[in-house]
Amino acid sequence: MDAVVTRLGANRDERPSQKDAEEAVRTLLAWAGEDPTREGLLDTPKRVAKAYKELFGGYDEDPVEVLGRTFEEVAGYDDMVLVADIPFFSHCEHHMVPIIGKAHVAYMPDGRVLGLSKVARVVDIFARRLQTQEALTAQIASAIDTTLAPKGVAVMIDAEHMCMSMRGIKKQGSTTLTTTFTGEFKTDAALQARFMTMLFGRK
C-alpha cells in the first residue's frame with residue numbers, strides 16, 4: 001500500500017510534450033468524425049491539453065508533503081475527527097469520463113491532529129488522477145494512516161460514475177458507496193457504527 005502515498009505517473013522528462021498532446025486531441029477529433037481545421041476547433045487541442053493538465057494535476061502532488069505538518073496542542077482531545085461532505089471529481093481509468101461525488105473522512109487521533117484543510121487536499125490529490133472508486137477510497141485512508149499514524153482511519157465515498165450514466169447501461173442518478181477502515185475502525189464494530197451514525201444522522 002505504500003506505493004499509493006507517493007507521486008504517481010511518468011517522469012516529467014519522459015512525458016510527451018504539449019505539442020504531442022495537442023496532436024493526439026486532433027487525432028481524436030478526426031476519429032470522431034470532426035474536422036480539426038474548422039474555425040471552432042482550431043484552439044480545442046490547446047484547450048483540452050490545458051484542461052487535462054489541471055484535471056490530472058494530482059500526479060504532480062505528494063500527499064506525504066501535504067500531510068507532513070501536524071499539531072500536538074489538542075488540549076487532550078482524543079475522540080473522532082470527522083470531515084464530511086468533501087466534494088470531488090475524478091476520472092474513471094477505464095473510460096476517462098468523470099466520477100463526481102463526496103468523500104467522508106474520519107480518524108481517531110493518537111496525540112496529533114491534521115489541519116482540516118489537509119484532509120480535503122489529500123482527497124483532491126488522489127481524485128485528480130485516473131481512478132477506480134475502490135482504489136481512491138483505499139489511497140486516501142492509506143495516506144492518512146501512514147503519515148499521521150492515528151489509532152484508526154475511516155473513509156467513505158459516495159459517487160456517481162458517468163461511465164454508467166452517459167454510456168453503457170445509462171442509469172442516471174445511480175451512486176456507488178465504498179468504505180475503507182483501518183486500525184480501531186476496522187476492529188471495533190461500535191466505532192464503525194458511530195462513524196455511520198455521525199454521517200447519516202446529520203440530516
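Helix axes are taken here as lines fitted to C-alpha atoms over the stretch in contact, with angles running from 0 to 180 degrees between N-to-C directions. In the predicted model, helix H1 (residues 18–32) packs against helix H2 (residues 44–55) at an angle of about 120 degrees, and the two axes lie 8 Å apart. The crossing of H1 past H2 is right-handed. On the H1 side, the contact is made by Gln18, Ala21, Glu22, Val25, Arg26 and Leu29, which meet Thr44, Pro45, Lys46, Val48 and Ala49 of H2. Classified by residue type, this contact comprises 6 nonpolar, 2 polar and 3 charged residues.

Strands S2 and S3 run antiparallel and are joined by 9 bridges. Within this pairing, Phe89 has Ile100 in S3 as its bridge partner. The two strands form a hairpin with 5 residues between them, and in the turn Met96 adopts a positive phi of about 55 degrees. S2 is also joined to strand S5 (residues 130–131), in this case by 2 bridges and in a parallel arrangement. Here Cys92 stands opposite Gln131 of S5.

In soluble globular proteins, nonpolar side chains tend to be buried together. In the present model, the largest nonpolar core contains 33 residues, and those with the most contacts inside it are Phe88, Val105, Ile140, Ile144 and Ile157. At least two residues of this core are supplied by each of strand S2 (81–92), strand S3 (98–108), strand S4 (113–114), helix H4 (116–127), helix H5 (133–148), strand S6 (152–161) and helix H6 (162–165). Another core, of 10 residues, lies apart from the largest one and includes Met80, Ala106, Met156 and Phe185.

Ala189 belongs to helix H8 (residues 189–200). The relative accessible area of Ala189 is 60%, and this residue is therefore classed as exposed, the cut-off for that class being over 50%. Between Ala189 and Asp62 the separation is 127 residues in sequence and 32 Å in space, taken from C-alpha to C-alpha.

Terms used
Residues numbered from 1 in each chain as written. Predicted model: local features only at pLDDT ≥ 70, side-chain atom pairs only at ≥ 80, totals over all residues. Heavy atoms only, no water. Helix = DSSP H or I, 4+ residues; strand = E, 2+ residues; numbered from the N terminus. Left-handed = near helix turned anticlockwise from the far one by under 90°. Contact = heavy atoms within 4.5 Å. Nonpolar A, V, L, I, M, F, W, Y, C, P; charged D, E, K, R; others polar. Core = buried A, V, L, I, M, F, W, Y, C linked by side-chain atoms within 4.5 Å. Buried < 20%, exposed > 50% of the residue type's maximum accessible area, 1.4 Å probe, protein only. Pairing = 2+ DSSP bridges.
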